[in-house]
Amino acid sequence: QVMSRAEKFAGVDGAKGAWVVALFDGTRVTWTACSSVSDVLEHTRDCARVGVDMPLSLPVDGYRVSELEAKKFLGTARSSIFHTPVADVLGAVSYEQACSISRSKTGKAISKQTWHILPAVRAWRDSDFDRERYVEVHPECSFRAMSPTTVYASKKTGRGVGQRLAALTRWTGDLDLDDLPNGPLVDDILDAAAAAWSARRFHLGEHLTFGTDNGSDRIVA
């Protein structure tokens, strides 16, 4: 069977100010480092669906329903999801200003972790990506959907890495681990692959949906 665009999928995860892309060609997963969102879009232009571990929609006020539902799904691992800031926060020029804007809209400040990912959120918001093909994912939800009976340890531990690799290997035994890009950490590599798994599931209509199914506030697994 000849490979078609409909059989190629990708997953994208942030990696120390850059990005790592996992490409699944129907058989094998390979990884590539990208320096910018435009580089990611170029690298994934022939993929049927692309899963992105980054907020692709922002609330005007309050919290996104998708995140609340994903937290409920994760249970004891819910802390791996932190709430997306309101859209007005993207215009802040300092952490203090961002917290002040967030408090005025939600009653709460944003975390330092959220502040540090704002440039990445802004980069996706400012890019011209196809919202039909690029879909938001949360890798921890993906891994739990991939292997529901696994009690996952932290992805920062050897046990957690082994569990995630095992789950990915059950999906496809062909992981190109011999030629990983320099830069991304091991959990970035694994999260990108899980995002590709969810992208394929979304394309096939086999996915879980948190939030709405029309894309305005959606995370898939």
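How many of the 19 residues of helix α7 are buried? The legends below, which describe close-up views of a predicted model, begin with that helix.

**View 1. Helix α7 and the glycine that follows it.** Helix α7 is mostly covered, with 15 of its 19 residues buried. The helix comprises residues 186-204, and at 1.5 Å a residue it should span 27 Å. The C-alpha atoms at its ends are 28 Å apart, which agrees with that expectation. Glycine 205 follows α7, and its phi is positive, near 75 degrees.

**View 2. The largest pocket and its lining.** The largest pocket holds about 830 Å³ of space. Its lining is made up of 36 residues, and the closest to the pocket centre are Asp13, Asp53, Phe82, Gln113 and Ile117. Several elements each supply at least two residues of the lining: strands β1 (9-15) and β2 (18-24), together with helices α4 (112-126), α5 (139-146) and α7. Helix α4 gives the largest share, 5 residues. By residue class, the lining divides into 15 nonpolar, 9 polar and 12 charged residues.

**View 3. An edge-to-face pair of tryptophans.** A pair of aromatic rings is described by the distance of the centres and the angle of the planes. The whole structure contains 8 aromatic pairs. One of them joins tryptophan 19 and tryptophan 124, with 5.9 Å from centre to centre and 90 degrees between the planes, an edge-to-face arrangement. This pair links distant parts of the chain, as tryptophan 19 belongs to strand β2 and tryptophan 124 to helix α4, 105 residues apart. Tryptophan 19 has a relative accessibility of 6% and therefore counts as buried. Tryptophan 124, at 1% relative accessibility, also counts as buried.

View 4. Is the pair of phenylalanine 24 and tryptophan 171 buried or exposed? The ring centres of these two residues are 4.6 Å apart and their planes stand at 45 degrees, so the pair is tilted. Distant parts of the chain are again linked, since phenylalanine 24 lies in strand β2 and tryptophan 171 in helix α6, 147 residues apart. Both residues of the pair, phenylalanine 24 and tryptophan 171, are buried.

**View 5. Glutamine 163 in helix α6.** Glutamine 163 is part of helix α6, which covers residues 158-171. Its relative accessibility is 12%, below the 20% cut-off, so glutamine 163 counts as buried. Apart from neighbours within four places in sequence, glutamine 163 is in contact with Thr150, Val151, Tyr152 and Ala153.

**View 6. Lysine 16 in the loop between β1 and β2.** Most residues other than glycine have a negative phi. Lysine 16, although not a glycine, has a positive phi of about 50 degrees. Lysine 16 is placed in the loop between β1 and β2. With a relative accessibility of 63%, lysine 16 counts as exposed.

**View 7. Tyrosine 95 and serine 111.** Tyrosine 95 is found in helix α3, residues 95-106. Leaving aside neighbours within four places in sequence, tyrosine 95 is in contact with Ile110, Ser111, Lys112 and Trp115. The C-alpha atoms of tyrosine 95 and histidine 116 are 9.1 Å apart, and these residues are separated by 21 residues along the chain. Serine 111, one of the contacts of tyrosine 95, lies in the loop between α3 and α4. At 31% relative accessibility, serine 111 counts as partly exposed, because this value falls between the cut-offs of 20% and 50%. Serine 111 and glutamate 132 are 21 residues apart along the chain, and their C-alpha atoms are separated by 30 Å.

View 8. Aspartate 178 lies in the loop between β6 (174-175) and α7. Its relative accessibility is 79%, over the cut-off of 50%, so aspartate 178 counts as exposed. Aspartate 178 and threonine 30 are 148 residues apart in sequence, and their C-alpha atoms are 9.6 Å apart in space.

Definitions and conventions: Residues are numbered from 1 along each chain as its sequence is written. This is a predicted model: local features need pLDDT of at least 70, side-chain atom pairs count only at pLDDT 80 or more; totals for chains, interfaces and linings use all residues. Side-chain values use heavy atoms; hydrogens and water are left out. Helices (H or I, at least four residues) and strands (E, at least two) are DSSP runs, numbered from the N terminus. The expected span of a helix is 1.5 Å times one less than its number of residues. Buried means under 20% relative accessible area, exposed over 50%, partly exposed in between (1.4 Å probe, protein chains only). Contact means heavy atoms within 4.5 Å. On a 1 Å grid over the protein atoms alone, a cavity is a set of points where a 1.4 Å probe fits but cannot get out, and a pocket is an open set with protein on both sides within 12 Å along at least five of seven lines; lining residues have an atom within 4 Å of a point. Grid points are joined across faces, edges and corners, and a volume is the space filled by probe spheres set on the points. Ala, Val, Leu, Ile, Met, Phe, Trp, Tyr, Cys and Pro count as nonpolar, Asp, Glu, Lys and Arg as charged, and the others, Gly among them, as polar. Rings of Phe, Tyr and Trp (its six-membered ring) pair if their centres lie within 6.5 Å; planes under 30 degrees apart count as stacked, over 60 as edge-to-face and the rest as tilted.
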